[in-house]
Amino acid sequence: MSEETLRRTPLYDLHREAGGKMVPFAGWEMPVQYTGVIEEHTAVRERAGLFDVSHMGEVRVEGAGATAFLDALTPNHVAKLGIGRAHYSGLLNEQGTYLDDLLIYRLAEESYLVVVNASNADRDFAWIAEHAPTGVTVENVSDSYTLLALQGPRALEILAPLTDTDVGAIRYYGFAFGQVAGVRALISRTGYTGEDGVELYLPPDGAPTVWRKLFEAGAAHGLVPAGLGARDTLRLEAGMALYGHELNETTTPLEAGLSWVVKLEKGHFVGREALVAQKARGIERRLAGFEIEGRGIAREGHPVIVEGVPVGAVTSGTWSPTFQKALGLAYVPVGRSEVGTPIAIEVRGKRLPARIATTPFYQRSK
């Protein structure tokens, strides 16, 4: 995609002012870093970071039968989702593999906001609209939202003086409507870093004001702008899957360690039959974490070797700023997925010794 056709969020000028290094990402021009990935990563773990994630897509699904429709379309149990709650789920095909992973917010009895990945937004919208029954409306409302993620142990403390909403009373994966710095917002206790924090769904024209006010309020708390680079290292430490890496049209939730989003007991949904069959025969491979022993960093696509034989490939790999070692995720045979199992990762012709590790690598203290 040419630079001329890349989309920009309403915060583009503010990113440039903050020294953001802008790169193409899923059709958008986004900040990959400001002062540096390690510095931004560490700030989120120890204090707080603010991310612009407005490239994500949003789809409104509502009307009589919306609940039943989404329950038949996705594997998690939508009917059990209370108003003011969100859950993690996916769009699966009939083979039980991923078209995308997503969040579903229940706004009202028969009204939902579905949040999808930027790279799949148009395809996801078309898929949802194509399957919608009469009486259910499906609208792509991505242009109606700018999305900020305020993450880190001081996030709620930074946000509190800017809103009358009691953000501390919002449970994890809960949300509330309110005002932030005088701008209407959906305040969601969610995130993609392994830290506490919120995601703020804002009208595009109000987002720059909120961005500035958050940095004013966060100055005393060490708040920094954070880019996509730190977002990736943070989510990997937290063992969170990324579509296009851990999840794609060759992987099922059972293989990805996401069987908890699959509610077979609720009845029919797209991909259910394939997952029932896979569960009955047993999965052959499983997503596992690994640690490199010694020097070297494994990256996506590097072969995983067990007893001299290639058995899979790295889906994500990085240097962990928190643990000061190279970590990664890969699909390996179930029999080789136990914690402590020795493996090797082939990097530029050399085989780096590694071991299967416990995931998530990082869990915040409560």
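Close-up 1. The lining residues of the second largest pocket comprise 5 nonpolar, 8 polar and 4 charged (Ala, Val, Leu, Ile, Met, Phe, Trp, Tyr, Cys and Pro count as nonpolar, Asp, Glu, Lys and Arg as charged, and the others, Gly among them, as polar). The space in this second largest pocket is about 260 Å³. Of its 17 lining residues, Arg7, Trp28, Ala118, Ala121 and Asp122 are the closest to the centre. A pocket is an open set of points on a 1 Å grid over the protein atoms alone, where a 1.4 Å probe fits, with protein on both sides within 12 Å along at least five of seven lines; lining residues have an atom within 4 Å of a point. The volume is the space filled by probe spheres set on the points, which are joined across faces, edges and corners. Helix H4 (residues 121-131) supplies the largest share of the lining, 3 residues.

**Close-up 2. The hairpin of strands E1 and E2.** Strand E1 (residues 21-25) and strand E2 (residues 28-33) run antiparallel and are joined by 5 bridges; pairing requires at least two bridges found by DSSP. Helices (H or I, at least four residues) and strands (E, at least two) are DSSP runs, numbered from the N terminus. Opposite Met22 stands Pro31 in E2. In the turn, Ala26 has a positive phi of about 50°.

**Close-up 3. The surroundings of Glu300.** Glu300 lies in the loop between strand E14 (285-292) and strand E15 (303-306). Leaving aside neighbours within four places in sequence, Glu300 contacts Gly244, His245, Val314 and Thr315 (heavy atoms within 4.5 Å).

**Note.** Residues are numbered from 1 along each chain as its sequence is written. In this predicted model, local features need pLDDT of at least 70, side-chain atom pairs count only at pLDDT 80 or more, and totals for chains, interfaces and linings use all residues, while side-chain values use heavy atoms, leaving out hydrogens and water.
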